[in-house]
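Take a look at the sequence and the 3D structure below. We will walk through the strands, then the helices, then a loop.

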Amino acid sequence: MEDEQSFSDICGGRLALQRRCYSPSCLEFCLSCPRITLRSLTAVTCTVWLAAYGLFTLCENSMILSAAIFITLLGLLGYLHFVKIDHETLLIIDSLGIQMTSSYASGKESTTFIEMGEVKDVVINEAIYMQKVIYYLCILLKDPVEPHGISQVVPLFQSAKPRLDCLIEVYRSCQDILAHQKATSTSP
């Protein structure tokens, strides 16, 4: 079963949340960010090249134009490969663990897996960001030394920065699976 909802990020940008239910104990959430538009790409490229052309007319050195083209291309490739994330995926399986995947605009993927035995809880936390309070979803990991302690906080959907209404949707589903997992692990 799959459904898609539209939400917004903390800056008002559009986000799409796809929820895939593979079984009652396995859910996948995919939060998609808007892709790079040709308009913004053209604006940045033209600005850099016009500035380089202005410097070229002042200095009359053709190396400035060559450097501007080279820097623009390298900057764009670096941005697409290391910065711009198209979608973030959260896969939660109650008997196995939680997998987080970030897919970059260049096609590169970064995946992190956390075993369910290490997960203490999934919570919505708040933080101060750019003079406003924002909410974010995070996984609390158990401290191996102290069973009631927390060793690490792993934030989810760091690139998309969805608003609270989207986080609540994911949070409720995660809590349902965690409750199911706790019930099955404690029953004989």
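Is strand β5 mostly covered or mostly open, and how many of its residues are buried? β5 is mostly covered, with 7 of its 8 residues buried. Buried means under 20% relative accessible area, exposed means over 50%, and partly exposed lies in between (1.4 Å probe, protein chains only). Strands here are DSSP runs of E with at least two residues, helices are runs of H or I with at least four, and both are numbered from the N terminus.

A word on the model itself. It is predicted: local features need pLDDT of at least 70, side-chain atom pairs count only at pLDDT 80 or more, and totals for chains, interfaces and linings use all residues. Residues are numbered from 1 along each chain as its sequence is written, and side-chain values use heavy atoms, with hydrogens and water left out.

Now place β5 in its sheet. The sheet is open and has 6 strands, in the order β1-β2-β3-β4-β5-β6, with antiparallel pairing. Two strands pair if DSSP finds at least two bridges between them. At the edges stand β1 (2-8) and β6 (109-115), and each pairs on one side only. Neighbouring strands are turned by 15° against each other on average, direction ignored. That angle is taken between axes, which are lines fitted to C-alpha atoms (for helices over the stretch in contact); angles run from 0 to 180 degrees between N-to-C directions. Strands of a sheet pair through backbone hydrogen bonds, either parallel or antiparallel.

Look at both sides of β5. On one side, β4 pairs with β5 in the antiparallel sense over 8 bridges. A hairpin of 3 residues joins these two strands. L91 has Q99 in β5 as its bridge partner.

Next, pick out T89. It lies in strand β4 (residues 85-93). T89 counts as buried because its relative accessibility is 13%. Its contacts (heavy atoms within 4.5 Å) are E28, F29, C30, Q99, M100 and T101, not counting residues up to four places away in sequence.

There is also an open sheet of 3 strands, in the order β7-β8-β9, with antiparallel pairing. β7 (119-129) and β9 (150-155) are its edges; each has a single partner strand, so one side of each is left without a neighbour in the sheet. Here the twist averages 35° from one strand to the next. β7 and β8 (residues 132-142) pair over 10 bridges. D121 stands opposite L140 in β8.

Now turn to the helices. Helix α2 (residues 62-83) has 22 residues, which should span 32 Å at 1.5 Å a residue; its end C-alpha atoms are 31 Å apart, so the two agree. The expected span is 1.5 Å times one less than the number of residues. The UniProt record, an unreviewed entry, annotates residues 36-56 and 62-82 as "transmembrane region". Residues 36-56 are 90% helix and 0% strand, with end C-alpha atoms 29 Å apart. Residues 62-82 are 100% helix, and their ends lie 30 Å apart.

Finally, find C11 in the loop between β1 and β2 (14-23). C11 is exposed because its relative accessible area is 68%. C11 and R163 are 152 residues apart in sequence, but 9.0 Å apart in space, C-alpha to C-alpha.

Conventions
UniProt positions are given in the numbering used here, feature names are shortened, and annotations may be inferred rather than shown by experiment.
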